[in-house]
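Here is a short report for a reader meeting this structure for the first time. Look at the sequence and the model, then read on.

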Amino acid sequence: HFGGNVWQLYSTSLNPNQITNSFKCLTNSPTGIWAGSFDRGLYQKESFLFENRTNWSNGTVMDTNITCITVPQSAFQQHVFSAWVGTENGGVYKLDVATGITETPIDNNVLVSFTNDRSQMLVAAKSHIQQVALYTIDGRILAKASNITANNITLNLPQLSSGQIILRCVTADGVAVKKLMVY
């Protein structure tokens, strides 16, 4: 991983639970970065480590040689790890692993606007807002507020880069998830 100045190596010498260094493909998802290996199946990046995730209780990829992983954009809105996984000899698998969040979508009941300098985001809802969070497209939190009991909130923001961001707003009526474009 290139962090702007230096390269960070993720290897078995840094993580003894990572049983391979032979990765073939990477992808982002709502649950972080996933990697497919030549010989040991799927891995998920947790903080600074890659952990093997091939043997899930609700489904197993039948080939450990992963050739490609694709995560649909709908996975970000549904808060699940949903992916199509291509393998060398075992075919294609669709994996869905829910995060355990049960939500009632209310996207049309939440309005969002930004101040001219983009230093603040204004969120208004038809019912009391309980929590607001703003994420990068790869799932990193940019700003968050919780324990709110108002229909309007002003959220202070870090300097935003151009690109897509995700807003998740929990209200008394349900949850709104919106994908926003920053120019």
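Glu 88 has a relative accessible area of 43%, so Glu 88 is partly exposed. Here buried means under 20% relative accessible area, exposed means over 50%, and partly exposed lies in between (1.4 Å probe, protein chains only). Glu 88 sits in the loop between strand 8 and strand 9. Helices (H or I, at least four residues) and strands (E, at least two) are DSSP runs, numbered from the N terminus. The C-alpha atoms of Glu 88 and Thr 67 are 6.1 Å apart, and 21 residues separate the two along the chain.

The side chain of Glu 88 forms a salt bridge with that of Lys 24, at 3.7 Å from N to O. This pair joins distant parts of the chain, 64 residues apart: Glu 88 lies between strand 8 (80-87) and strand 9 (92-98), Lys 24 in strand 1 (residues 23-29). A salt bridge needs a side-chain nitrogen of Lys or Arg within 4 Å of a carboxyl oxygen of Asp or Glu. By this rule the count is 1 salt bridge. Lys 24 is partly exposed because its relative accessibility is 33%.

## The model as a whole

This is a predicted model: local features need pLDDT of at least 70, side-chain atom pairs count only at pLDDT 80 or more, and totals for chains, interfaces and linings use all residues. Residues are numbered from 1 along each chain as its sequence is written, and side-chain values use heavy atoms, with hydrogens and water left out.

The protein has 1 helix and 14 strands. Of its 183 residues, 39% are buried. Contact means heavy atoms within 4.5 Å. Among contacts with a separation of 6 or more, 44% join residues 24 or more positions apart. The accessible surface is about 10400 Å², and carbon and sulfur atoms hold 51% of that surface. Such areas come from the Shrake-Rupley method with a 1.4 Å probe; for residues, only the protein chains shown count as cover.

## Two nonpolar cores

A nonpolar core is a set of buried Ala, Val, Leu, Ile, Met, Phe, Trp, Tyr and Cys residues joined through side-chain atoms within 4.5 Å. The largest has 20 residues, and Met 121, Val 123, Ile 129 and Val 132 touch the most other members. At least two residues each come from strand 11 (120-136), strand 12 (141-156), strand 13 (163-171) and strand 14 (175-182). Strand 11 gives the largest share, 6 residues. Another core lies apart from this one, with 8 residues, including Cys 25, Ile 66, Ile 69 and Val 85.

Leaving out residues up to four places away in sequence, Ile 129 touches several residues, among them Val 123, Ile 148, Ile 153 and Val 170. Thr 136 also belongs to strand 11. Thr 136 counts as buried because its relative accessibility is 10%. Beyond its neighbours within four places in sequence, Thr 136 is in contact with Leu 142 and Ile 166.

## Two positive phi angles

Most residues other than glycine have a negative phi. Arg 118 is not a glycine, yet its phi is positive, about 60°. Arg 118 lies in the loop between strand 10 (110-114) and strand 11. At 33% relative accessibility, Arg 118 is partly exposed.

Asn 147 is not a glycine either, and has a positive phi of about 55°. Asn 147 is part of strand 12. Its relative accessible area is 77%, so Asn 147 is exposed.
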